[in-house]
Amino acid sequence: MLYVSLIAAFVASILLTPLVKRLAFRIGAVDAPNYRKVHARIMPRLGGLAIFLAFIIGVTILYSFLVNTKHGSNEALLAIIIGACIIVVTGVIDDMREISAKAKMLGQLIAALIVVFVGGIDIDMVNLPFLGTLDFGLLSIPLTIIWIIGITNAVNLIDGLDGLAAGVSTIALITLAVMAFIMSNVFVLALAAILAVASLGFLFYNFHPAKIFMGDTGALFLGFMISVLALLGFKNVTFVSLIIPIIILGVPISDTFFAIVRRVRMKKKWSDPDKSHLHHRLLDMGFTHRQTVLIIYGIAMMFGLAAIIFSMAKVWGAILLVAVILTAIEIFVEIIGLAGKNYKPLLNFVRIFSK
């Protein structure tokens with residue numbers, strides 16, 4: 001049954017995307033070029049609606065299978081679908097009207113609250129190495145909401161090149177599906193796999209040169225779903241397992257983190273847009289549009305592989321791997337100037353120490 005759902009979602013995504021493209025032009029959901037954009041002509045940007053509809057088709061076919069597994073429940077699935085609908089409606093309105101950041105945040109907050117209170121999905125506790133169990137108590141709800149909204153916006157922030165957000169999200173979803181398979185979590189495996197193939201089908205039209213953008217409809221929806229699936233797959237477990245989704249989402253999380261660092265250093269609002277994200281910096285270094293996207297795909301794949309290795313490591317091995325990953329990220333960030341051209345603390349330290 002899962003194979004049927006995967007095929008249906010993939011085919012639906014391919015067939016629905018051209019129809020959504022026509023709809024985008026008809027309702028004015030288009031993206032005009034400006035100084036921050038890399039495209040030079042008006043583009044339809046409602047593509048995420050095709051991903052969402054393809055996902056719903058796949059899940060509908062698989063519904064009876066999902067609710068009968070011990071890893072899923074009617075409440076969790078219903079909450080996820082309702083939350084996703086709110087996110088998609090918010091994205092569609094933004095793609096049409098470009099609503100304010102506060103209005104988009106409100107939609108995300110409502111969706112997150114539904115997931116927490118209707119679906120019962122939250123981070124209750126974590127087992128810390130050497131320290132025992134840490135119970136979040138009343139903080140579990142705000143921490144969960146912050147996680148969902150944070151990841152939702154992180155994926156939205158990397159949606160700057162043809163196929164970038166869709167490809168990175170697909171890689172993250174495949175990694176989540178693999179991890180769910182290893183952990184025998186059929187519910188997360190099914191949802192992640194269906195969403196991955198729906199996103200993959202959309203990539204046929206979104207990879208450079210793109211015929212349609214996913215818009216906020218797609219970026220917010222994919223970010224929301226990835227954040228929730230990560231919670232479902234790794235909640236209430238060890239600290240090592242809690243780190244896994246962070247590693248899987250290494251590209252959007254690190255890009256968002258250093259964007260905030262960059263803006264704080266430049267005394268700007270953390271939410272102010274700029275043209276210094278990871279993909280912008282790689283383009284500035286001389287890489288082509290397609291090369292930049294493929295490089296970031298490669299980085300996302302390395303994060304995914306690291307997450308899988310991390311899950312199999314012992315505590316000290318996991319700590320060492322995290323240290324290596326963080327050091328590699330810092331060096332890479334300083335080399336390409338992701339946090340600002342003059343931000344090179346580690347490289348400067350190495351130069352001083354080597355003299």
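Author: Glu98 is exposed, at a relative accessible area of 56% (exposed is over 50%, buried under 20%, partly exposed in between, with a 1.4 Å probe and protein chains only). Please keep in mind that this is a predicted model, where local features need pLDDT of at least 70, side-chain atom pairs count only at pLDDT 80 or more, and totals for chains, interfaces and linings use all residues. Residues are numbered from 1 along each chain as its sequence is written, and side-chain values use heavy atoms, without hydrogens or water.

Although Glu98 is not a glycine, its phi is positive, about 55°. You will find Glu98 in the loop that runs between helix H3 (74–97) and helix H4 (101–117); helices here are DSSP runs of H or I with at least four residues, numbered from the N terminus.

Now follow the chain to Ser184, in the loop between helix H6 (164–182) and H7. Ser184 is also not a glycine, and its phi is positive, near 60°. With a relative accessible area of 45%, Ser184 counts as partly exposed.

The loop between helix H7 (186–206) and helix H8 (215–234) holds Pro209. The peptide bond from His208 to Pro209 is cis, with omega near 0°.

Buried residues of H10 include Val251, Pro252, Phe258, Arg262 and Arg263.

Note on methods:
Helices (H or I, at least four residues) and strands (E, at least two) are DSSP runs, numbered from the N terminus.
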